[in-house]
Amino acid sequence: MNKGKNTPGTDGKIITDLESLTTEEFAEIVSNRLKDFKPHVIRRVMIPKPNGKERPLGIPTIEDKLVQQCIKQILEPILEAKSYKHSYGFRPNRSTEHAIKRLFHLTTCNRLHYAVDMDIKSFFDEVDHGKLLKQLWTLGIRDKTLLKIISKMLKAEVEGEGIQEKGLLQVGVLSTILANVVLNELDWWIHSQWQGVKTKLISKHQELKQLLCRVRT
């Protein structure tokens with residue numbers, strides 16, 4: 001059960017408060033919000049961490065969650081087509097089990113026995129909004145109206161803290177997909193440095209195939 005759905009935003013409402021609305025009324029709410037989008041103030045909640053510190057969560061209002069979900073459904077299929085295939089976090093039809101299967105294949109079939117464990121310190125807190133928007137543009141999201149709405153979401157006011165100049169909400173509906181956009185560039189770079197490097201053997205094989213093609217034609 002997702003306990004987060006029962007955590008209200010700054011307007012005090014949760015999803016059950018909208019149960020009586022029809023599909024048409026839902027659509028009208030989202031449509032009206034998008035005409036001149038202004039994000040509601042984000043509720044700040046601090047969650048204790050095992051090391052004694054606290055993790056800041058940002059809780060959008062239920063209306064803003066609806067708007068984010070609509071945008072996610074548009075962005076996801078476009079971004080999925082350009083995401084690194086062996087990235088398994090927070091993606092549709094991918095899970096921890098798929099990552100374990102890939103690891104098993106690499107260790108048993110490819111005889112690889114070393115793993116690199118990396119952690120990006122305060123990743124969600126440090127995401128550069130300008131760079132993120134440029135990455136979305138590079139990946140084919142070039143509707144300027146949509147990018148402007150996403151920019152406003154990123155810079156939404158957090159209660160008691162003001163406008164956010166950097167970082168992603170750790171509870172926002174769009175946060176995981178936007179985080180993957182940021183990390184996708186790193187994934188492809190790592191691929192280009194190791195797995196994607198053409199060996200001499202592969203190069204010779206490609207030359208042979210090209211030669212055979214010329215002979216056949």
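Reader: To begin, how many helices and strands does the protein chain have?

Author: The predicted model shows 8 helices and 4 strands in the protein chain.

Reader: In what order do the elements run from the N terminus on?

Author: The order is α-β-β-α-α-α-α-α-β-β-α-α.

Reader: And what share of the residues is buried?

Author: Of the 217 residues in the protein chain, 29% are buried.

Reader: Where is the place of K121?

Author: K121 sits in the loop between α3, residues 96-108, and α4, residues 123-126.

Reader: Is K121 buried or exposed?

Author: K121 is exposed, because its relative accessibility is 73% and the exposed class begins over 50%.

Reader: Which residues form the nonpolar patch on the surface?

Author: The nonpolar patch is made up of V116, M118, I120, L186, W189 and W194. Together they have about 710 Å² of accessible area.

Reader: Where is L186 found?

Author: L186 belongs to helix α7, which spans residues 175-193. With a relative accessible area of 33%, L186 is partly exposed.

Reader: A change of topic: how many aromatic pairs does the structure hold?

Author: There are 3 aromatic pairs in the structure. One of them joins Y84 and W188, whose ring centres are 5.1 Å apart.

Reader: Why is the pair of Y84 and W188 edge-to-face?

Author: The planes of the two rings stand at 75 degrees, so the pair is edge-to-face; the cut-off for that class is over 60 degrees.

Reader: Which parts does this pair tie together?

Author: Y84 lies in the loop between α2 (62-80) and α3, whereas W188 is in helix α7, so the pair links parts 104 residues apart in sequence.

Reader: What is the relative accessibility of Y84, and that of W188?

Author: Y84 is buried, at 10% relative accessibility. W188 has a relative accessible area of 37% and is partly exposed.

Reader: Which aromatic pair do W189 and W194 form?

Author: W189 and W194 form an edge-to-face pair, with 6.2 Å from centre to centre and 85 degrees between the planes. W189 and W194 also belong to the nonpolar patch.

Reader: Then how accessible are W189 and W194?

Author: W189 is partly exposed, with a relative accessible area of 47%. W194 counts as exposed, at 59% relative accessibility.

Definitions and conventions
Residues are numbered from 1 along each chain as its sequence is written. This is a predicted model: local features need pLDDT of at least 70, side-chain atom pairs count only at pLDDT 80 or more; totals for chains, interfaces and linings use all residues. Side-chain values use heavy atoms; hydrogens and water are left out. Helices (H or I, at least four residues) and strands (E, at least two) are DSSP runs, numbered from the N terminus. Buried means under 20% relative accessible area, exposed over 50%, partly exposed in between (1.4 Å probe, protein chains only). Patches are made of residues with over 30% relative accessible area and no salt bridge: like charges are joined within 9 Å, nonpolar side chains (Val, Leu, Ile, Met, Phe, Trp, Tyr) within 5 Å. Accessible areas come from the Shrake-Rupley method with a 1.4 Å probe; for residues, only the protein chains shown count as cover. A salt bridge is a side-chain nitrogen of Lys or Arg within 4 Å of a carboxyl oxygen of Asp or Glu. Rings of Phe, Tyr and Trp (its six-membered ring) pair if their centres lie within 6.5 Å; planes under 30 degrees apart count as stacked, over 60 as edge-to-face and the rest as tilted.
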